[in-house]
Amino acid sequence: MSNYKPGAYGRNYNYNYSSAPPRPAAVQPPPPGAQKSKHGYSTMSSIASGALATYNFNAPKRKIRTEEEYFDSDGEGEEGQSGAGMAYIPAPGSPSASDRRRAGGGSASAAKDDSDSEEDTLDAFMASIEQQAGKGKGGKASAKKPPAKGVRDDIEGEDDHESFFRYMEENPNAGTHNDESDQEIEYDAEGNPIVPVKSKYIDPLPPIDHTQLKYEDFVKNFYIEPDDIGALSLLEIDQLRHKLGIKVSGPLPARPVTSFAHFGFDESLMKAIRKMEYTQPTPIQSQAVPVALGGRDVIGIAKTGSGKTAAFLWPMLVHIMDQPELRPGDGPIGLVLAPTRELSQQIYSEAKRFGKVYNIHVVCCYGGGSKWEQSKALEAGAEIVVATPGRMIDMIKMKATNLLRVTYLVMDEADKMFNMGFEPQVRSICDHVRPDRQTLLFSATFKKRVERLARDVLTDPVRIVQ
Ligand SMILES: Nc1ncnc2c1ncn2[C@@H]1O[C@H](COP(=O)(O)OP(=O)(O)OP(=O)(O)O)[C@@H](O)[C@H]1O
Ligand SMILES: [Mg+2]
């Protein structure tokens, strides 16, 4: 048995450790009544019989072997298959060791003589102890592993679960909807989506020198104060404003009115208003329409649903109807800027409803809509354009339209528009419109800071608050 190598049992051992359930410790207490050597060690045969009594080898090719049988057998392959529980424990100086040494087949002497192995007797003893205890992977390889390399990759290293949890800790937003590209759309109180902040990065229009441009003269003032309103005393006017719940400031504002008849609209527009079943002007309309018809700039602040849209649309129609018809290549006469697509579409449908009375064309331009379609509609010509600021700038840059004929400029939801970062764009559009235009600004609320900004684009405005 010169080919025996201590600790080599596991080399050919077929047991799959990685997938197997934990095994019982291989070291078995000596069975009761086990034979003891005179040095106090249990003899090999007694250990083997005790261990094998409880051990279940998966492929027991060999029957229980005694120490003698083991060393008498040939072939290394067999060693591995049956030897896991059979490690030889040579006690230094034990009679069995010296016997084997004498016989030339002892493991201790074999180990010593073997050029492959540098283990001394003590090492071999420790290795076999370890192997018996099932700590190593059952062979020379693990027994010989230097302690520095004794790292269990399967325990010390990160497994799939651990790396997943570490990643989730380092990236708390990983896998959430708002991860990267999908920016969530926010909605304001009225359910209109708030345009993402990036919109403000649309380049405003470059400055323009109006002195180099030749503008046609135009008429602003179409308002003739009705006799019964003119007959009212200042106190009665104050009382009327109080009754309507409106406050007015600014130089020489027109008086408020109490009926549609006071606006002086022609029959076709009156018919359209009657068709809408409006019985009388809303408070903001009662005051803002006479002021706007008079050609004055307006700041109109009135709560949601108070009829602001019509308050700037009706005077706009009168204003447009006084001007020469559009020629090919002309831009709009009335321009309405609104902060969102939804709002511009609402204004658009109301403008169309009243505009068709005079066969006035309206075009709506907003971000997200087809630029090509919008530019074609603009090129076809429209007296009124309702637009979000960014898209309006795009259209002007594309030369789909121009602002040369704009004389009536409206900013609806002006507060929002200035607040949402559209200010540079709105301002650049206003700067592109002839300075003597009429400008109207409507909003449900108006913060002081924003109103101060907005006033730059107005001239002597009449401020109406409902
Ligand atoms: N004189 C009127 N009489 C009755 N209803 C009117 C009158 N004028 C407008 N309306 C209607 O009131 C509703 C609200 O009008 P509008 O959309 O102009 O309000 P708004 O002040 O602009 O509100 P928001 O702040 O929500 O834009 C519309 O359906 C409109 O048709
Ligand atoms: Mg409105």
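Strand E8 spans residues 408–411. Tyr-408 and Val-410 point one way from E8, and Leu-409 and Met-411 point the other way. All of these residues are buried (20 or more other C-beta atoms lie within 10 Å of the residue's own; 12 or fewer count as exposed, values in between as partly exposed; C-beta atoms are placed from the backbone). In a regular strand, side chains alternate between the two faces of the sheet. Strands here are DSSP runs of at least two residues (E), helices are DSSP runs of at least four (H or I), and both are numbered from the N terminus.

The model is predicted: local features need pLDDT of at least 70, side-chain atom pairs count only at pLDDT 80 or more, and totals for chains, interfaces and linings use all residues. Residues are numbered from 1 along each chain as its sequence is written, while chains are lettered from A and ligands numbered from 1 in the order in which they are written.

Strand E5 (residues 334–337) runs parallel to E8, joined by four bridges. Pairing requires at least two DSSP bridges between two strands. Val-336 stands opposite Val-410 in E8. E8 also pairs with strand E9 (residues 438–443), again in the parallel sense and over four bridges. Tyr-408 has Gln-438 of E9 as its bridge partner. From E8 the chain passes through helix H18 (residues 414–432) to reach E9, in a right-handed β-α-β crossover. Right-handed means that, with the strands pointing away from the viewer, the path from the first strand over the helix to the second runs clockwise.

E9 is mostly covered, with six of its six residues buried. Gln-438, Leu-440 and Phe-442 point one way, whereas Thr-439, Leu-441 and Ser-443 point the other way. Strand E4 (residues 298–301) pairs with E9 as well, in the parallel sense over four bridges. Gly-300 stands opposite Phe-442 of E9.

Helix H15 (residues 341–355) contains Ala-351. Ala-351 counts as buried because 28 other C-beta atoms lie within 10 Å. Beyond its neighbours within four places in sequence, Ala-351 is in contact (C-beta atoms, placed from the backbone, within 7 Å) with Leu-313, Val-362, Ile-384 and Val-386. Ala-351 and Val-385 are 34 residues apart in sequence, and their C-alpha atoms are 9.4 Å apart.

The shell around ligand 1 holds 13 residues, each with its C-beta atom, placed from the backbone, within 6 Å of the ligand. The closest are Tyr-278, Thr-304, Gly-307, Lys-308 and Thr-309. Helix H14 (residues 308–321) gives the most to this shell, with three residues. Five shell residues are nonpolar, seven polar and one charged. Ala, Val, Leu, Ile, Met, Phe, Trp, Tyr, Cys and Pro count as nonpolar, Asp, Glu, Lys and Arg as charged, and the others, Gly among them, as polar.

An unreviewed UniProt entry places the feature "domain: DEAD-box RNA helicase Q" at residues 258–286. UniProt positions follow the numbering used here, feature names are shortened, and annotations may be inferred rather than shown by experiment. Over residues 258–286 the chain is 45% helix and 0% strand, and the end C-alpha atoms are 6 Å apart.

The protein as a whole has 19 helices and 10 strands. Of its 466 residues, 36% are buried.

Technical notes: Contact = placed C-beta atoms within 7 Å.
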